[in-house]
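Hi there,

Here is the structure I promised to pass on. Please have it open while you read, and my notes follow below.

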Amino acid sequence: MSSIKQGDPAPDVRLADQHGRPFDLAEFRSKKWVVLFFYPHDNTPVCTREACHFRDAYEQFVAAGAEVVGISSDSVESHKSFATVQRLPFRLLSDVDGTVRKAFGVPKTLGIL
């Protein structure tokens, strides 16, 4: 699995968010910065901390003109519950089959065992 390098164009991302709405990364190209973060699963201790760190810094990202988006293999329904419970103000995308994760060269476990 090859990773993209700094300066490479981002692979296409077309996934559903926690509300079932489509997200298409191409809509942001040349318009707005997008911060994508990948995490293995909703409601796990490390992933919850990671998402909450993004939540706590969210206004700083917005002030800098960036959109924050989380991606994991969990379902739309799981993301909706996770976002509600953790009060996440950003979109969570459901990459159930791992297509986008693989396109970015992100390992399935992200090094977490």
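Let me start with the rings: Phe37, Tyr39, Phe54, Tyr58, Phe61, Phe82 and Phe90 are linked into a cluster by ring pairs. Here, rings of Phe, Tyr and Trp (its six-membered ring) pair if their centres lie within 6.5 Å; planes under 30 degrees apart count as stacked, over 60 as edge-to-face and the rest as tilted.

Before going further, some ground rules. This is a predicted model, in which local features need pLDDT of at least 70 and side-chain atom pairs count only at pLDDT 80 or more, while totals for chains, interfaces and linings use all residues. Residues are numbered from 1 along each chain as its sequence is written, and side-chain values use heavy atoms, with hydrogens and water left out.

Back to the rings. The structure holds eight aromatic pairs. One of them joins phenylalanine 38 and phenylalanine 104, a tilted pair at 5.4 Å centre to centre with 55° between the planes. Phenylalanine 38 lies in strand S3 and phenylalanine 104 in the segment after H4, so this pair ties together parts that are 66 residues apart in sequence. Phenylalanine 38 is buried at 14% relative accessible area, and phenylalanine 104 is buried at 12%. For these classes, buried means under 20% relative accessible area, exposed over 50%, and partly exposed in between (1.4 Å probe, protein chains only).

As for the overall fold, the protein has four helices and five strands, in the order β-β-β-α-α-β-α-β-α from the N terminus on. Helices (H or I, at least four residues) and strands (E, at least two) are DSSP runs, numbered from the N terminus. Buried residues make up 42% of the 113 residues. Along its principal axes, the C-alpha trace spans about 35 × 35 × 25 Å.

Now the charges. A salt bridge is a side-chain nitrogen of Lys or Arg within 4 Å of a carboxyl oxygen of Asp or Glu, and the count by this rule comes to seven. Aspartate 12, partly exposed at 43%, meets arginine 14 in one of these, at 3.7 Å from N to O. Arginine 14 itself is exposed at 55%. Aspartate 12 also has a salt bridge with arginine 29, where the closest N and O atoms are 3.6 Å apart. That pair links distant parts of the chain, with arginine 29 in the loop between S2 and S3 and aspartate 12 in the segment before strand S1 (14–17), 17 residues apart. Arginine 14 forms a further salt bridge with aspartate 24, at 3.3 Å between the closest N and O atoms. This one runs from strand S1 to strand S2, 10 residues apart. Through shared partners, Asp12, Arg14, Asp24 and Arg29 join into one network.

Which charged residue is buried yet has no salt bridge? That is aspartate 95, whose nearest side chain of opposite charge, arginine 101, is 5.3 Å away (Lys and Arg count as positive and Asp and Glu as negative; His and the chain ends are not counted). Aspartate 95 is found in the loop between strand S5 (91–94) and helix H4 (99–103).

Finally, two backbone angles. Most residues other than glycine have a negative phi. Serine 30 has a positive phi near 65°, and serine 30 is exposed at 84% in the loop between S2 and S3. Asparagine 43 also has a positive phi near 65°, and asparagine 43 lies in the loop between S3 and helix H1 (45–56).

Best wishes
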